[in-house]
Amino acid sequence: MERIHIKDLKTKIGETVLIKGFVQAIRDQGGIKFLLVRDATGLIQAVVLKSEAEAFEFVKEITLESVVHLEGKVKEEKQAPGGFELQAFVIKMLSKAEPELAIPVVTEKSGEETDITKRFDWRWLDLRKAERLQIFKVWTELEAGFRDYFLKNDFIQIYAPSFMSTPSESGADVFEVNYFDRKAYLAQSPQFYKQMAMAAGFEKVFITGPVFRAEPSFTTRHMTEFTGWDFEVSYIDSHYDVMKIEEELIIAGFTRLKEKLGMDIEVPTAPFPKISMSDAKSMLKEAGISVERELDLSPEEERELSRIVKEKFNNDFIFVTEYPVAVRPFYHMRVDTAPSLTKSFDLLYKGIEITTGAQREHRVEVLEKQATEKGMDLSSIKEYIDFFRYGCPPHGGVGMGPGRMIMRLLDLPSVKEVTFLPRDVKRLKP
């Protein structure tokens with residue numbers, strides 16, 4: 001007999017089926033026993049009658065979260081979850097769970113969650129909860145929406161290495177590792193390799209992969225390893241072209257979530273509000289917000305600016321543009337009429353930065369000059385600079401932290417909650 005997923009049982013009323021899954025609850029009412037069985041698609045109530053002597057007796061052997069094989073008839077039952085149940089007559093144990101769970105899988109009667117540190121210690125049990133599974137369905141469909149957009153618009157997927165011979169970007173906050181007879185560094189981003197693809201004539205590329213940051217940070221928005229989604233495009237006229245692509249990309253992803261998962265979310269409309277850093281600071285001051293630093297936005301300023309923009313423009317997204325040279329990497333192109341500013345932006349979503357993007361500098365002599373001004377040793381980035389010596393189109397792109405976006409989408413308190421196995425300063429397992 002072929003296994004049926006629980007979500008498909010409503011089409012099998014009156015039929016004998018086989019299901020497999022975890023036992024979430026057991027209830028004994030004397031002459032009848034109930035099992036709640038869960039698979040990745042849903043939950044079903046299984047009824048075991050005393051007349052099915054062997055199966056009825058076998059229920060005594062079952063512990064919570066054991067994995068079982070059940071055969072039975074699907075019957076309508078208005079009081080059961082979903083309006084139907086399984087009358088089981090064959091039960092087999094596929095894997096018996098120890099009787100004392102390390103952490104509860106079903107939320108305790110008090111309604112209080114187990115301590116987050118303990119939940120992460122036993123992450124595979126924590127992830128059995130339906131609401132945890134939903135997080136990764138959101139990841140899957142959001143990425144599918146993004147990927148669909150990329151493919152429809154002729155992007156090419158590339159895969160960048162994580163090992164680098166020199167520290168990426170400025171060299172700060174990188175992990176140094178032993179690499180046979182020399183040192184290597186874990187990539188802070190695939191930025192250099194995306195730009196190499198532009199120099200190779202690929203024109204439009206996207207990447208998904210791990211990003212590493214050796215930041216001793218203990219905030220709810222930082223981890224030492226996270227998943228990054230990146231794209232880069234050639235032959236742009238300005239960073240506004242990049243922002244337009246990202247708007248279309250996000251709308252495609254949100255539309256997919258709404259259609260495939262039925263999520264009650266607001267699909268944003270384009271164009272997203274765009275405010276220069278200078279104007280953003282003015283808006284904050286006018287609203288009575290204390291400005292901590294003139295060149296960048298603090299986390300509190302990001303939250304307050306998003307609140308102001310939501311009230312004014314009714315959009316959860318906002319591009320903050322024209323960041324000062326002092327707080328941007330050397331490879332960001334500078335504004336012709338205001339050389340102290342860059343053709344760059346951050347995208348904020350519901351009070352948190354989820355993207356950094358820019359038009360890149362593609363002229364080798366300007367790139368070398370800007371790197372020198374930043375105090376960089378040109379010999380340490382020679383291989384990168386070489387990408388631009390033999391012709392390279394004007395280009396730009398973004399690096400996105402989808403974990404932060406999903407954290408806000410699902411209104412969760414930490415980016416670690418939306419990460420399969422989070423890594424931070426103190427956590428390296430499981």
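In what order do the 3 strands of the open sheet lie? The order is β7-β9-β8, and the pairing is antiparallel. This is a predicted model, in which local features need pLDDT of at least 70, side-chain atom pairs count only at pLDDT 80 or more, and totals for chains, interfaces and linings use all residues. Residues are numbered from 1 along each chain as its sequence is written, and side-chain values use heavy atoms, with hydrogens and water left out.

**The open sheet**
- Strands are DSSP runs (E, at least two residues) and helices are DSSP runs (H or I, at least four), numbered from the N terminus.
- Two strands pair if DSSP finds at least two bridges between them.
- The edge strands β7 and β8 (176–179) each pair on one side only.
- Strand β9 (residues 182–186) is joined to β7 by 2 bridges, and Phe163 has Leu186 in β9 as its bridge partner.

**Helix α5**
- Buried (under 20% relative accessible area, 1.4 Å probe, protein chains only; exposed is over 50%, partly exposed in between) describes Gln191, Phe192, Lys194, Gln195, Ala197 and Met198 in helix α5 (residues 191–199).
- Among the elements covering these residues are β7 (163–164), β10 (204–212) and β11 (225–234).
- Gly201, which follows α5, has a positive phi near 90 degrees.

**Nonpolar cores**
- A nonpolar core is a set of buried Ala, Val, Leu, Ile, Met, Phe, Trp, Tyr and Cys residues joined through side-chain atoms within 4.5 Å.
- The largest such core has 39 residues, of which Phe146, Phe231, Phe254 and Met405 touch the most other members.
- A second, separate core of 22 residues includes Ile6, Ile19, Val48 and Leu86.

Technical notes:
Contact = heavy atoms within 4.5 Å.
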